Amino acid sequence: MTVGEALKQMRLQAGLTQTEMTAGVVSESFYSKIERGVHAVDVQVLINILSAHHMDVVHFFSLLNFQKSETEPNFEIINQISFAQNKKDISALDKIKKELENLGGVRCLFI
């Protein structure tokens, strides 16, 4: 997982928007580019963003292995589920469930 992917995962798990995640440390535009891997981020800025939300910096760095998300095909769906759960968005969770059921054999995710 890259730095941007790890940030996105932690942001979605916390139920934050990109604007909320920036916490006034960087612009939303710059932050978005970090998540997408367009821009690198200074370590101090990264720590400031994580600290602003009381996120565990050690846990963040444990997520990094600098592999592309293609090696984890469920990365996006896991993020969508986490975000919907944190927002208590039952309709979004139902939609995700139906999409997964249409793919077949994924009922175990919701048991």
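## Surroundings of F60

Leaving aside neighbours within four places in sequence, F60 is in contact with V3, A6, L7, M10, L46 and L50. This description rests on a predicted model. F60 has a relative accessibility of 0% and therefore counts as buried, the cut-off being under 20%.

F61 is partly exposed, with a relative accessible area of 38%.

## Nonpolar cores

The largest nonpolar core has 17 residues, and those that touch the most other members are L7, M21, L50 and F60. At least two residues of this core come from each of α1, α3, α4 (43–52) and α5 (57–63). Another core lies apart from it and has six residues, including I77, I81, I96 and L100. As a general point, nonpolar side chains in soluble globular proteins tend to be buried together.

## Overall fold

The protein chain contains seven helices and zero strands. Its pattern along the sequence is accordingly written α-α-α-α-α-α-α. Of the 111 residues in the protein chain, 33% are buried. Taking the contacts between residues at least 6 apart in sequence, 58% join residues at least 24 apart.

## Helix α1

Helix α1 covers residues 3–13, and eight of its 11 residues are buried, so the rest of the structure largely encloses this helix. The buried residues are G4, E5, A6, L7, Q9, M10, R11 and L12. Among them, A6, L7 and M10 are also contacts of F60. After α1 comes G15, which has a positive phi near 70°.

## Contact of α1 with α3

Helix α3 spans residues 28–35, and its axis comes within 7 Å of the axis of α1, with a crossing angle of roughly 115°. The two helices are therefore roughly perpendicular, a class that runs from 65 to 115 degrees. On the α1 side the contact is made by G4, E5, L7, K8 and R11, and on the α3 side by Y31, I34 and E35. By class, these are three nonpolar, one polar and four charged residues.

Most residues other than glycine have a negative phi. Two residues are described here against that background. A23 is not a glycine, yet its phi is positive, at about 50°. A23 sits in the loop between α2 (18–22) and α3. With a relative accessible area of 38%, A23 is partly exposed.

K88, also not a glycine, has a positive phi of about 55°. Its place is in the loop between α6 (75–86) and α7 (90–103). K88 has a relative accessible area of 68% and is exposed, because the cut-off for that class is over 50%.

Methods:
Residues are numbered from 1 along each chain as its sequence is written. This is a predicted model: local features need pLDDT of at least 70, side-chain atom pairs count only at pLDDT 80 or more; totals for chains, interfaces and linings use all residues. Side-chain values use heavy atoms; hydrogens and water are left out. Buried means under 20% relative accessible area, exposed over 50%, partly exposed in between (1.4 Å probe, protein chains only). Helices (H or I, at least four residues) and strands (E, at least two) are DSSP runs, numbered from the N terminus. Axes are lines fitted to C-alpha atoms, for helices over the stretch in contact, and angles run from 0 to 180 degrees between N-to-C directions. Angles under 35 degrees count as roughly parallel, over 145 as roughly antiparallel, 65 to 115 as roughly perpendicular and the rest as oblique. Contact means heavy atoms within 4.5 Å. Ala, Val, Leu, Ile, Met, Phe, Trp, Tyr, Cys and Pro count as nonpolar, Asp, Glu, Lys and Arg as charged, and the others, Gly among them, as polar. A nonpolar core is a set of buried Ala, Val, Leu, Ile, Met, Phe, Trp, Tyr and Cys residues joined through side-chain atoms within 4.5 Å.
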